[in-house]
Amino acid sequence: MKRFRFVFVLVVTVLSVTACDWFSPIIPVKNKYSYFLHISFTDREGNEFAAPLAAEVYKTDASSAWRGEINPEKYTLDLTLSKAEVVAENISASLTMSKFSEQYVMETPNADGTYGPDGKWYLNFRGFVMDSGVTHHDYLKYKFTCPVIFGDDSVHEIISYWTAGIQGSNYEFFPACTKVVIDGKEMKPEKGITFNSDTNSSYIGYFVEVVLDR
């Protein structure tokens with residue numbers, strides 16, 4: 001009987017020390033969905049309305065190279081998703097700008113983060129969603145104001161529509177954009193791929209070119 005008690009206590013001790021995770025609650029893994037949309041704004045002569053935002057070379061950290069940041073006083077941006085149940089802390093939206101070639105390949109910046117004369121400026125609307133679900137969002141809706149771009153203080157609506165796309169890793173997904181509607185005007189996006197030979201990685205984005213009458 002004593003031997004049985006000793007073995008029982010030993011087993012319980014080993015389990016409590018080496019396998020305590022067995023008794024921990026199971027936390028669902030969250031998938032990361034990255035939605036990359038790029039928009040250029042020009043007039044009919046090809047003049048780029050975003051150029052003044054780039055000329056400012058705004059930096060959140062003055063000691064670092066410019067990362068395509070835009071002065072936050074020059075715009076407002078709000079993002080809503082097709083699935084309203086995702087909590088706000090799992091959603092983030094960023095707006096930057098960079099140059100892409102006619103083939104939608106990202107131009108390489110200079111050492112100080114600025115760009116040369118080649119390429120066209122695009123605003124980078126990037127939405128990131130952490131979700132324990134296994135499906136993408138059907139659409140992302142941006143409420144965007146930017147007097148530099150539009151020449152007014154009005155709220156402009158940008159809706160991008162998405163399908164499943166590709167899976168980058170076990171928990172990272174890159175949906176594919178099929179349609180963009182800006183202030184009621186529908187456009188078909190073009191897919192662009194930038195391959196970085198140094199890191200052996202690719203960046204996939206979806207591009208639309210908007211001509212504004214101002």
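**Close-up views of a predicted chain**

**View 1. The E6–E7 hairpin.** Strands E6 and E7 make a hairpin, with four residues between them. Strands (E, at least two residues) and helices (H or I, at least four) are DSSP runs, numbered from the N terminus. E7 covers residues 172–182 and runs antiparallel to E6, joined to it by eight bridges. Two strands count as paired if DSSP finds at least two bridges between them. Ile 158 has Ile 182, in E7, as its bridge partner.

The model is predicted: local features need pLDDT of at least 70 and side-chain atom pairs pLDDT 80 or more, while totals for chains, interfaces and linings use all residues. Residues are numbered from 1 along each chain as its sequence is written, and side-chain values use heavy atoms, without hydrogens and water.

**View 2. Strand E5 beside strand E6.** E5 (residues 139–145) pairs with E6 (residues 156–167) in the antiparallel sense, over six bridges. Lys 143 stands opposite Glu 157 of E6.

**View 3. Helices H1 and H3.** The predictor's confidence in each residue is its pLDDT, from 0 to 100. In the chain, mean confidence is lowest in helix H1 (residues 2–18), at 44, and highest in helix H3 (residues 147–150), at 97. Over residues 6–27 pLDDT stays under 50, and the model has three contacts (heavy atoms within 4.5 Å) for them beyond four places in sequence.

**View 4. The chain behind the close-ups.** The chain has three helices and 10 strands. Its mean pLDDT is 83, and 80% of its residues reach 70 or more.
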